[in-house]
4 protein chains.
Amino acid sequence: MAGSKRTTKKTPVTKKSGTVNPPANPMWGGQFAHAPAEILSRINNSICFDQKLYRQDIQGSIAHARMLAKQKIITDGDAKAIVTGLKSILADIEAGKFTFREALEDIHMNIESALKDRIGSAAGRLHTARSRNDQVATDFRLYVRDAFDALDNALMALQKSLIARADEHYNSIMPGFTHLQAAQPVTFGHHLLAYVEMFGRDRSRVQDARKRLNESPLGAAALAGTSFPIDREFTSKELGFDRPMANSLDAVSDRDFALEYLSVVAICAVHLSRLAEEMVSWSSAQFGFIRFSDAFSTGSSIMPQKRNPDAAELVRGKSGRLFGNLVSLLTTMKALPLAYNKDMQEDKEPVFDTASNIMLCVQAMTGMVADMAVSKSAMLNAAGVAYANATDLADWLVRELKMPFRDAHHITAKLVKIASGKSKSLEQLSLADMQSVESRIRKDVYSVLSVADSVKSRKSYGGTAPDNVKKAAANAKKRFLS
Amino acid sequence: MAGSKRTTKKTPVTKKSGTVNPPANPMWGGQFAHAPAEILSRINNSICFDQKLYRQDIQGSIAHARMLAKQKIITDGDAKAIVTGLKSILADIEAGKFTFREALEDIHMNIESALKDRIGSAAGRLHTARSRNDQVATDFRLYVRDAFDALDNALMALQKSLIARADEHYNSIMPGFTHLQAAQPVTFGHHLLAYVEMFGRDRSRVQDARKRLNESPLGAAALAGTSFPIDREFTSKELGFDRPMANSLDAVSDRDFALEYLSVVAICAVHLSRLAEEMVSWSSAQFGFIRFSDAFSTGSSIMPQKRNPDAAELVRGKSGRLFGNLVSLLTTMKALPLAYNKDMQEDKEPVFDTASNIMLCVQAMTGMVADMAVSKSAMLNAAGVAYANATDLADWLVRELKMPFRDAHHITAKLVKIASGKSKSLEQLSLADMQSVESRIRKDVYSVLSVADSVKSRKSYGGTAPDNVKKAAANAKKRFLS
Amino acid sequence: MAGSKRTTKKTPVTKKSGTVNPPANPMWGGQFAHAPAEILSRINNSICFDQKLYRQDIQGSIAHARMLAKQKIITDGDAKAIVTGLKSILADIEAGKFTFREALEDIHMNIESALKDRIGSAAGRLHTARSRNDQVATDFRLYVRDAFDALDNALMALQKSLIARADEHYNSIMPGFTHLQAAQPVTFGHHLLAYVEMFGRDRSRVQDARKRLNESPLGAAALAGTSFPIDREFTSKELGFDRPMANSLDAVSDRDFALEYLSVVAICAVHLSRLAEEMVSWSSAQFGFIRFSDAFSTGSSIMPQKRNPDAAELVRGKSGRLFGNLVSLLTTMKALPLAYNKDMQEDKEPVFDTASNIMLCVQAMTGMVADMAVSKSAMLNAAGVAYANATDLADWLVRELKMPFRDAHHITAKLVKIASGKSKSLEQLSLADMQSVESRIRKDVYSVLSVADSVKSRKSYGGTAPDNVKKAAANAKKRFLS
Amino acid sequence: MAGSKRTTKKTPVTKKSGTVNPPANPMWGGQFAHAPAEILSRINNSICFDQKLYRQDIQGSIAHARMLAKQKIITDGDAKAIVTGLKSILADIEAGKFTFREALEDIHMNIESALKDRIGSAAGRLHTARSRNDQVATDFRLYVRDAFDALDNALMALQKSLIARADEHYNSIMPGFTHLQAAQPVTFGHHLLAYVEMFGRDRSRVQDARKRLNESPLGAAALAGTSFPIDREFTSKELGFDRPMANSLDAVSDRDFALEYLSVVAICAVHLSRLAEEMVSWSSAQFGFIRFSDAFSTGSSIMPQKRNPDAAELVRGKSGRLFGNLVSLLTTMKALPLAYNKDMQEDKEPVFDTASNIMLCVQAMTGMVADMAVSKSAMLNAAGVAYANATDLADWLVRELKMPFRDAHHITAKLVKIASGKSKSLEQLSLADMQSVESRIRKDVYSVLSVADSVKSRKSYGGTAPDNVKKAAANAKKRFLS
């Protein structure tokens, strides 16, 4: 057997595949004569990233220890020692005085080992009726729950920022684009409130997912439950969960809560990327709709005149990693048999990366929304070009002349062509020109052709009329900020 | 300008880029002197796939026509003619008697054009106070809502199938695996119920998303709302929506409901792929746990002995397209400015493909669950090997000898090693062997070492004890099937 | 067993899961008493999409039949009958006179069954020393090879279109953007040639991948090779492959050639989406750099004035499905054991979808490049704003005053600030203003501040100086079009 | 304007969005009155990850400085000071004595600032005729080139490991699976060589991509080239590139080399995940084909008997992040206009993550291949079951009785059914049984029915006959290891 060529003589001076670490793992190595190969240790150890779970791990262990005592599985004295020990470890970690050790593989063993150092053999009783499988599932749910809550709050702050600017600009006219061509004028406030709706649905997704996640896997043990008389309701309540999960295999095997988190964020990232793209365009010289202050601009090392909207670009670009993290975990979980498989250790990094990056994105966006200086005149000028009032003309024909919309559309198109040929706007066409195409057109048609009138006329529910927008902003405050 | 080399002389005999279709588009071509290039038509036309929306499109148009009449925007006579015409078109399509025409680009224009053929100029009034932008948003929401409902039902049927088999096998012992290594015995019923939980959460996601989607975009018009006195509440109710959407720009610009559908399905596909993977393994000669009947097996063209679990493999493999469709639409929507952009025409095919494939997967899985013949003996035999009762021994040491779990773990590991060296199971070790490692071990240790006892002992809430499983199956019926 | 509830009495009138198709499969059903469940047939059948492989399937079968005769495994007479029969089937399919039958599952069986109808029992000899596993691997490689070749040609046509416009506009000045902020002026020809380079690398990837793919799996049989004295070199040559694949398991198990195709296209789609994005921006009123003719514009059903760059938007949006298809197949292939698994039937649709869509994208882009009318004045005007000549000033300071670049950068920044405060361009600053910041600045500084001079000065290899661009266009013709 | 609420009075005690960092950026802040918002700094700074490029950054700067001196753009003295300074910085970084500073944003500024501290104002001349845009493009290409080379070497080592085991087991019989059902016997050596072919194509992709990448962007400056008389051929050669890139805009804008790297790795990850999946199955009790030594097994904290193939599971699971990283960068690059956009800063982390993880995977796999102990008897036993010699019988009927294959298939299927009914293998059927189905079957049919004979008979090129495999292993050594 090829493997027998391995030798323990060598000490692993360099980190090279094939060399061997001397000591067998203190936690699970009982049956093992030899230590893991160095490459196994390197690919296997997770302490470099799962130390992020320290708070959740200790929180879960404290709840477990208390339950064990309550159920007389361990003594009150042992439980007290365990809890005190865990709290001192927590304090040390938060104070930056705790050294995580690679050799102890993961956060669970690092803490358990430290606990043993501090309180002695009672530490060995903490793992009664528990496995790393339900332990990590618990830690990770607690982490994702926190991430959901943080995102919900951050999105509310972003909505607040947007609503304030929308209120300020409920009557600032800009071109409404389709295909990046001016289509119909809208107000800037109306435009911003569209995003308030989107982020509102994002928050609603966050809240639904948070509720679905909020069941406790603790007590599922390795996969089958346990023969100890544990009280899962107790630990569930201690940890703020709504109830214990109903099936122990499911509890340790599934990660759909993490997938749902990643997908909720990915959809939110789509919304953010769209607003970011608009900010990049709007702040270009070509649009000139907004300008970021120095606080949200960066310069160039070679082109001193540049004011780059870096934060907006990064928000847009970070959609990449946020989608990628979702793909990562979907792929990893695909086709894994029950129950726990080591593949699932790969669940954490995409979630951690997404959690920190989505917070950066939402906070940067919140800052940019508050920061941007808006050029009402540039927006208004842009709204008036390109026959954006053509629909108003067509609607007038339908309303006043009882023309079928399709016919009105054709007549308007002809008038646009005539105006375009004369380099005029529609409202600059003479009545004679108008009547040459449709004799029934009357002088009062001009009353619907100004940009301001156009915007004002869109009074249908959800439409862009300034009065609507003013009310919609007030309404959004009630719906989302209280 | 290079484009001026185009000529309309040629008739497009072959489908080659650069040739030109003679007629300008009848719906929007008023201002256009020339027809689109043939390659533009080919890349642009969507009728080949969006004809799937015919029912929703007609449903939406009927509601719109009725509202227009109610609001006196069109006459009752016109509305009646429109509704009658649309119903006759619907009947023809469902009877397979309707020809969709490429030249009319999409489903909306195909139906509008047919309506004009049938009822004349009144057809032209249907598009009053509406745009293709809010029309397609409405159609698509109705389609996705149907897809959610179909999926919810299909998943319930799958749960029913699983619960029935779980109930049947509440006491059939199998190895519980971690890392595909037998870890602790569980019951097959318990294992199946784990999936009932997963599909239950999938259904919960479906229901939440369905609720979130259920707002009406109709009346948002192109993007800004309309000056016609429309009643959006009315059309919203007619179409079974909970309320009209609050912002017209949002209504025509966002597709998060489709993204949420695709992500809900992707997560469900993870669950399906896991069960499918297990079925493939279980039906291999090596496991021999289950056998599919002829109804769910296929043969080989070269190897007549083969009984291949094709359906399970396809369910597993189709996770690929289901993830891919999600990535498709996330990518397409990334960084699009408001409001409608043509890119968004790419929203439909991934959703259609996902809708039909997830239904295939869930239905095939439902069939397989019902079909599989279970070999209780093969499962039981496999559960007894590989020291799957080691935890029971360790737990006995903790419980009876008050040993810290970590110490119990070490002692058990030593005993496993001794047994393994003698090619014996743990229960075959003599008491003397046991006591050589830990002198306090007593004879009654053997009472926890049988597989059946092990399973029975896991009585903690959510654990695999047969009584638990029996109750859990009954409970699942109440939670999910009523 | 639940499956025993199945009954063959029912005829499957409706397509519902659970009902049963009466006849067992004619090709592999020998050992099977019952027909597959209807849902199995529906999820399993591939003829609805794999009929696209008809040409490749017949091509492969003809080569195989000739080889079998050459090797005396079948008679010359049988081979001749087989070849004639296959050719008649090919002719019928291409003439649209062939009916594909669902019941025969896939393209291989449809053709083999038709062959039997036409030439009788000799047809049964065609499958000697072959399996569907190596057959479909061969068909699929031939298909992907064709797709590579088609893409290479299409990209060459696109390069040709780009080079022609680059040559035409070698001296048309436009702003070079970074962060969508004007950075330094470049020529439009230079900008277009950047894409010629990108598409050149795309073609280079196509060609490398095509070479790597071009080995014949035919003769690998099911997975192990065969005991018949076949000549794999012969069939390899007949089919235009460079050599037979060296390992039979690899030949039937891997699909990396398809993954490589999908990833090569995905990268190409990135390039296309970037040019498409620019076209959408450039054709907006805000930029006004280009205008599409009627041949590449579409209108709006509600806004008659619109000229929408739909084709560009679709090219941009289709990047979604092209990425998604790659993710699909990567996911499907993940963690499949050797050799053939039914999951792999999912390999074809993403490839077919990618093949038709990338061709649409490249051809549409080729058409748009040729079609776009370029406004040199709009570009030139935009190039002059926003201090895009600041680097030229800094470079002058370095070159003429021997200033470290960092110091020159700071001085330039100060001058930009002064100019900006006075609403002037840099060249409009007085020499006194300049010298107030750096006394050594001389009058000849103005000679580098015009946009035209700036562009001309960038003579470094690969730089944007018009003479460079002219040569680069000529060079590109040689490198890519001959 | 909301942004005007900002104040510089506050010092940023806590890291909260909205607070402001006091000093403007020393490199590009000349024109800026205020410092960036703290959230902008946090989202913008890249030094936490791009410090990985320190070696490449210094390498590029040295080449650039030498070129500047050679071209008389800076003095020899300045160049010498710069080179010496850079080398001392390199030495300090490698010795762990260099502190990277957040405030200096990125690796380029950290090094340039340190250089200024060490050599004074000459440092300011290094950035002449260069921009961060071509600098980072150069650094990143050098990094990816190194990553390609490392991967090529690691894959060669893996092939070496596989070939050695294949050679050892050229005649060890195992079942060849399709659909995880035993199909035909193969040798274990043949199976391993299938992977040697796959990794061979992976290496070929690496080499092609490496060649394509190997052009120098240095000298493209910001985007347009430069007016300084630089020598791009010189720096290209210094840095080991084949030639300078032909277009400056392309040089700073594209990242297809990184996308290609990520996609080459993703395909390789598919191959690795397949072998990993097989290892997990093979090492299960159900298969029992292989066993990992202690060096490549891990234990359980609760189940002391477990020997988990963690490394194989992690290699399988890491396909997730490797696919995800590809999706990340594809998404980020989608639809970005030329030239540099800040989104592109997101290009590095996915590449860095992929680079370290693919190396872990390949090295762990190399170790496992060498380590695994192979149970020839378990494999042989598994090969003999399940009528895996049915094809041999069918082929005998074709060869000896000149039967069309399809007929032979049907007869074999009948015989399998009879044998299966009697719980016998095919070779245990009596001649009478055989002849009851096909009277012409002769006694010598038994000579092809043993597993060993079956394997030996597959002598076609690329087939599994042991002699073939022996030769194939030798051949692979020549093709891949020399």
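Visitor: How do you know that the copies, chain D and chain C, meet through the same surface?

Guide: Let me say at the outset that this is a predicted model. Of the interface residues of chain D, 100% are interface residues in chain C as well, so the two copies meet through the same surface. In the count of contacts, 106 residues of chain D touch 106 residues of chain C.

Visitor: What makes the two copies related as by a two-fold rotation axis?

Guide: Chain D can be superposed on chain C by a rotation of 180 degrees, with 0.0 Å of shift along the axis and an RMSD of 0.1 Å. The two copies are thus related as by a two-fold rotation axis. Within chain D, the residue that comes closest to this axis is Ser263(D), whose C-alpha lies at 3.2 Å.

Visitor: How much area do chain D and chain C bury between them?

Guide: Together they bury about 9200 Å², and 57% of this is on carbon and sulfur atoms. Arg274(D), Leu338(D) and Arg406(D) supply 8% of the area that chain D buries against chain C, which is more than any other three residues supply.

Visitor: Which kinds of residue form the side of chain D that touches chain C?

Guide: That side divides into 46 nonpolar, 34 polar and 26 charged residues.

Visitor: Why is Ala221(D) called buried?

Guide: A residue counts as buried under 20% relative accessible area, and Ala221(D), at 3% relative accessibility, therefore counts as buried. Ala221(D) sits in the loop between strand S3 (215–216) and helix H8 (232–238) of chain D, and its phi is near 55 degrees, a positive value in a residue other than glycine.

Visitor: What about Ala335(D), is it buried or exposed?

Guide: With a relative accessible area of 8%, Ala335(D) is buried. Phi of Ala335(D) is near 65 degrees, again a positive value in a residue other than glycine.

Definitions and conventions
Residues numbered from 1 in each chain as written. Chains lettered and ligands numbered in written order. Predicted model: local features only at pLDDT ≥ 70, side-chain atom pairs only at ≥ 80, totals over all residues. Heavy atoms only, no water. Contact = heavy atoms within 4.5 Å. Buried area = accessible area lost by both parts, 1.4 Å probe. Nonpolar A, V, L, I, M, F, W, Y, C, P; charged D, E, K, R; others polar. Least-squares fit on C-alpha atoms with pLDDT ≥ 70 in both. Helix = DSSP H or I, 4+ residues; strand = E, 2+ residues; numbered from the N terminus. Buried < 20%, exposed > 50% of the residue type's maximum accessible area, 1.4 Å probe, protein only.
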